[in-house]
Amino acid sequence: MVDIFASMKAFPLFAACVLAAASYPAIPSDKTTPVQQRLAVNGPDAVSVGWNTYQKVAQPCVQYGTSKTSLTSKQCSTSSITYPTSRTYSNAVTLTALKPATTYYYKIVSTNSSVEHFLSPRVPGDKTPFSINAIIDLGVYGADGFTIQGDQTKRDIIPTIDPSLNHTTIDRLARTVDDYEFIIHPGDLAYADDWFEKPKNLLDGKNAYEAILEQFYTQLAPIAGRKPYMASPGNHEVACQEIPVLTLACPEGQKNFTDFMNRFGQTMPVSFASTSADQAAKVNANKAAALAKPPFWYSFEYGMVHVAMIDTETDFANAPDQPGGSSGYLNASPFGTANQQLDWLAADLASVDRTITPWVIVGGHRPWYTTKGSSPCDSCQKAFEPLLYKYGVDLAIFGHVHNSQRFLPVNNSVADPAKLNNPKAPMYIVAGGAGNIEGLSSVGGNYTTNVFAYADDFSYASVSFQSANNLKVEFIRSSTGDVLDSSVLYKKHDQQFVVQ
């Protein structure tokens with residue numbers, strides 16, 4: 001593959017002029033050159049490698065091994081797919097039988113590729129401390145990649161500040177790449193559907209949508225090509241445009257989460273098989289695996305954590321982006337049968353053996369707890385909150401609101417009296433301040449259970465699993481790396497939620 005750190009020079013971090021000219025990245029002379037690389041945890045001993053090419057690849061292959069100079073293993077697939085209006089094909093290969101927590105080197109087979117590396121997953125039950133990052137609502141605009149604030153016509157003026165002087169979220173991730181083991185991104189990637197801010201015509205809008213996607217995923221590759229990047233959908237993945245009259249003009253290939261499904265549907269995992277000795281856990285894990293629908297809803301286990309990624313956009317009563325929801329004009333079709341997502345989540349959470357993976361976190365896009373500067377997702381709360389409380393979820397991570405927020409553990413809008421000392425209710429955070437064309441969201445009036453809210457600059461969340469009983473959540477200011485807020489959640493984890 002092309003050296004993805006070198007590509008940061010070829011494509012400066014979140015390059016300028018995306019809106020002004022809807023400019024595409026240059027097509028390499030060898031159209032099998034891998035671009036837009038991305039990894040994902042695909043199993044307890046497996047990592048999927050996804051990438052795009054500018055022509056269909058008959059047999060995508062990846063060579064890999066534990067030595068950079070000896071890539072002795074090879075996996076191939078026939079997965080090379082595209083859709084109308086896309087210039088690229090999404091390819092995917094899954095690397096299996098990996099040794100746990102081991103550095104592997106890999107090379108996408110092409111005449112123009114190089115060797116990269118990743119850390120293989122920690123097996124469920126490994127109690128070694130590690131950290132992850134939560135990056136939500138991340139888009140591409142401006143020389144530093146993000147919206148210019150204030151009244152200086154942010155959509156018409158592209159800044160010319162040297163990118164090296166702007167330590168943005170993506171730059172911070174690159175600088176600290178060895179400090180975290182994977183990333184979760186529950187929705188709103190690229191903001192390609194905001195092309196209308198400066199269109200020449202609707203045809204230009206169609207092209208701008210694809211150009212922004214190419215720009216964003218090319219610029220994300222230095223991170224996603226080294227760390228598993230676990231994604232689930234948000235409202236900006238639905239179609240080429242959120243404005244009703246313009247949505248009608250979206251080509252069929254740019255509706256109903258098409259790019260999101262092509263890009264991540266081949267790499268995100270199905271629920272893992274249970275490693276528990278409990279028979280009920282095994283039965284529920286098998287049920288969850290049958291009901292999972294990656295990349296919309298799925299789960300995985302990594303060391304001492306079980307992660308469930310949910311879809312707050314479709315597939316539950318009054319879901320915002322499907323017909324009849326608050327954004328019903330998008331008419332996003334359900335992706336499962338009636339109640340499939342909620343049945344999956346119940347089975348999935350009921351399968352977790354806390355003696356193996358004591359921590360359970362849920363990642364989704366739209367929050368139901370947020371400060372008064374924005375509206376909560378009431379239909380999401382009605383659908384999901386009872387399950388999160390019933391099955392003892394420890395931490396719930398959301399975005400959609402473009403700032404950072406932390407709440408006390410809470411259920412049904414009532415704070416748990418134990419606060420951070422072994423609460424029964426989940427702790428909720430919003431990590432939507434990474435930066436995009438729409439800017440930051442005002443905090444507005446405080447909410448009774450809110451203990452931290454920040455909207456002065458771009459930021460993201462870091463979650464550290466310190467032990468089976470202690471979990472640290474920090475919010476990091478992207479421009480400086482300063483810790484804006486830090487808290488430690490203590491849980492005894494002496495209760496099993498496995499049920500028949």
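**A closer look at helix α9**

Analyst: Happy to. Helix α9 has a kink of about 40° at Phe-384, shortly before the proline Pro-386; the bend at a residue is the angle between axes fitted to the seven residues ending there and the seven starting there. Keep in mind that this is a predicted model, where local features need pLDDT of at least 70, side-chain atom pairs count only at pLDDT 80 or more, and totals for chains, interfaces and linings use all residues. Residues are numbered from 1 along each chain as its sequence is written, and side-chain values use heavy atoms, with hydrogens and water left out.

Helices here are DSSP runs of H or I with at least four residues, strands are runs of E with at least two, and both are numbered from the N terminus.

Which residues of α9 are buried? They are Ser-379, Cys-380, Gln-381, Ala-383, Phe-384, Glu-385, Leu-387 and Leu-388, where buried means under 20% relative accessible area, exposed over 50% and partly exposed in between (1.4 Å probe, protein chains only). These buried residues pack against α8 (340–349) and against the strands β16 (359–363), β17, β19 (410–411) and β21 (427–431); contact means heavy atoms within 4.5 Å.

Just after α9, Gly-392 takes a positive phi of about 65°. Further along, the loop between β17 (395–398) and β18 (404–407) holds His-402, which counts as buried because its relative accessibility is 5%.
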